[in-house]
Amino acid sequence: MVNSATNFLQQWRDANQSLSQTTASSHRPEIDRWNPPPTGSLNLNTDAAIFENQRKTGLGLVIRDYLGSFVATRVVPVQGIVDPLIAEALRVREGLSWIKSKFPEVRTMEVTILILVS
């Protein structure tokens, strides 16, 4: 499990490095800025990464408090899914399911779907 998480983290870093190189000269939209939830509550951020050559998708979920402090994280590997719209829908579904069962104090969920924004 540790090897899987380490591998996923390295793939995420590699993907973000290539993304930052291609967008370094362009202005990043305001949607990238984290907004804290109301005082005393939690916030869920989600993301999806597609690895076409491996025919899998990784879903990432992070919960932070109103001060921005880390509370919990979850990584969900999904085999065979490489369609961006399906990956985006899965991350929202997984996030909602996770907070419903484990973190009812989450009051906000930030979802940025770049494929639809771009």
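User: In this predicted model, what makes leucine 44 and isoleucine 63 a facing pair across two strands?

Analyst: Leucine 44 stands opposite isoleucine 63, which belongs to β2. Strand β1 covers residues 42-51 and strand β2 covers residues 56-65, and the two run antiparallel.

User: How do you know that β1 and β2 count as paired?

Analyst: Pairing requires that DSSP finds at least two bridges between two strands. Since 10 bridges join β1 to β2, and at least two are asked for, the two strands are therefore paired.

User: Why is the sheet called open, and which strands are its edges?

Analyst: The sheet has 4 strands in the order β3-β2-β1-β4, with mixed pairing. Its edge strands are β3 (70-79) and β4 (106-110), each of which pairs on one side only; because pairing takes at least two bridges between strands, the name "open" goes with these two edges that pair on one side only. Neighbouring strands are turned against each other by 20° on average, with direction ignored.

User: What makes helix α2 a helix that packs on this sheet?

Analyst: Contact means heavy atoms within 4.5 Å, and α2 (residues 84-102) touches β1, β2, β3 and β4, while its direction makes about 40° with that of β2. In the order of elements from the N terminus, α-β-β-β-α-β-α, the chain comes to 3 helices and 4 strands.

User: What share of the chain is called buried, and by which cut-off?

Analyst: Buried residues are those under 20% relative accessible area, and they make up 27% of the 118 residues in the chain.

Definitions and conventions:
Residues are numbered from 1 along each chain as its sequence is written. This is a predicted model: local features need pLDDT of at least 70, side-chain atom pairs count only at pLDDT 80 or more; totals for chains, interfaces and linings use all residues. Side-chain values use heavy atoms; hydrogens and water are left out. Axes are lines fitted to C-alpha atoms, for helices over the stretch in contact, and angles run from 0 to 180 degrees between N-to-C directions. Buried means under 20% relative accessible area, exposed over 50%, partly exposed in between (1.4 Å probe, protein chains only).
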